[in-house]
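Me: I have a structure open and would like to learn how to read it. Could you walk me through its features step by step?

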Amino acid sequence: MENTPDLANLIDQLQSEEYDVTEPLPGVLHVTGRFSNPERIALRAAAEAGDVALAVWATSHHDDWALVAWDRPDLVTITQKGATPQRWRHRRPPATLRPDAQTFLEGASSPFDIVTRPKHQPTDAAREVLTRFGITDPPPPGWVPPVVEAPPVPAVRESRVPAASAKPARAPRATKPKAPPKPAKPEPVIAVCPTCFMALPATGVCDNCG
């Protein structure tokens, strides 16, 4: 695809800095290379274009990207880092400021920002600026959102609660051994007279048979 003539010098300059540059849409550049801040690269490229309407995607080697759409007085910047939400910023700087003004390069707020609530959200006006360049979706061509892995769920360990210790069985009370029964007294033997069978007195002589 033939590059836009107004951007030929800018493309040569970016390539001399060892960046890869393509023009996926007329007036829209895509810059890739080893840099850590794609927003600064895209803002500087837009500034070098002067008053030529230009949109620049810059994608770092970490796969972070920025999109700058510059069509004076509108300056729209969209950044994406990792899996964080896109940050939109729409500014209308005066004629004395270029897109690479220090306050813009630092990403700081300025009196020229169109403020949204909550902050850094897309507006219809900002989307309309992208439409001028034929951009319907902010991410650069071929960009794949990073896969966010869910944190591993810790394995549930089965905790065994020790059973309540059983009360020790009470030892049977020591019983007092019963005293053996007293032997029965032998019945007294009564002497009897062999003749009359009468009880004999202590003298042993029968009173009847004497």
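Reply: Happy to! Keep in mind that this is a predicted model.

Me: Thanks. How many helices and strands are in the chain, and in what order do the elements run?

Reply: You will find four helices and six strands. Starting at the N terminus, their order is α-β-β-α-β-β-β-β-α-α.

Me: Let's go inside. Which residues touch the most other members of the largest nonpolar core?

Reply: A core is read as a set of buried nonpolar residues joined through their side chains. In this chain the largest one has 24 residues, and Leu10, Leu14, Leu29, Val31 and Leu54 touch the most other members. At least two residues each come from helix H1 (8-16), strand E2 (28-33), helix H2 (38-48), strand E3 (54-60), strand E4 (65-71) and helix H3 (102-105). H2 gives the most, with five residues.

Me: Which residues does Leu10 touch, leaving aside those up to four places away in sequence?

Reply: Leu10 touches Leu29, Ala45, Glu48, Ala49 and Leu54. There is also a second, separate core of 15 residues, with Val76, Trp88, Val129 and Leu130 among them.

Me: Back to H2 for a moment. Is H2 mostly covered or mostly open?

Reply: In H2, eight of 11 residues are buried: Pro38, Glu39, Ile41, Ala42, Leu43, Ala45, Ala46 and Ala47. Their cover includes H1, E2, E3, E4, E5 and H3. Just after H2, look for Gly50, which takes a positive phi of about 70°.

Me: Now for pockets. What is the volume of the largest pocket, and which residues lie nearest its centre?

Reply: For a pocket, look at its volume, then at its lining. The largest has a volume of about 330 Å³. Its lining has 19 residues, and Glu39, Thr79, Gln80, Lys81 and Arg87 lie nearest the centre. H2, E4, strand E5 (74-80) and strand E6 (87-91) each supply at least two lining residues. By class, the lining has five nonpolar, eight polar and six charged residues.

Me: What about the second largest pocket: how much space does it hold, and which residues are closest to its centre?

Reply: That pocket holds about 200 Å³ of space. It is lined by 13 residues, with Arg89, Asp113, Val115, Lys119 and His120 closest to its centre. E6 provides the largest share of this lining, three residues. The classes here are four nonpolar, six polar and three charged.

How values were computed. Residues are numbered from 1 along each chain as its sequence is written. This is a predicted model: local features need pLDDT of at least 70, side-chain atom pairs count only at pLDDT 80 or more; totals for chains, interfaces and linings use all residues. Side-chain values use heavy atoms; hydrogens and water are left out. A nonpolar core is a set of buried Ala, Val, Leu, Ile, Met, Phe, Trp, Tyr and Cys residues joined through side-chain atoms within 4.5 Å. Buried means under 20% relative accessible area, exposed over 50%, partly exposed in between (1.4 Å probe, protein chains only). Contact means heavy atoms within 4.5 Å. On a 1 Å grid over the protein atoms alone, a cavity is a set of points where a 1.4 Å probe fits but cannot get out, and a pocket is an open set with protein on both sides within 12 Å along at least five of seven lines; lining residues have an atom within 4 Å of a point. Grid points are joined across faces, edges and corners, and a volume is the space filled by probe spheres set on the points. Ala, Val, Leu, Ile, Met, Phe, Trp, Tyr, Cys and Pro count as nonpolar, Asp, Glu, Lys and Arg as charged, and the others, Gly among them, as polar.
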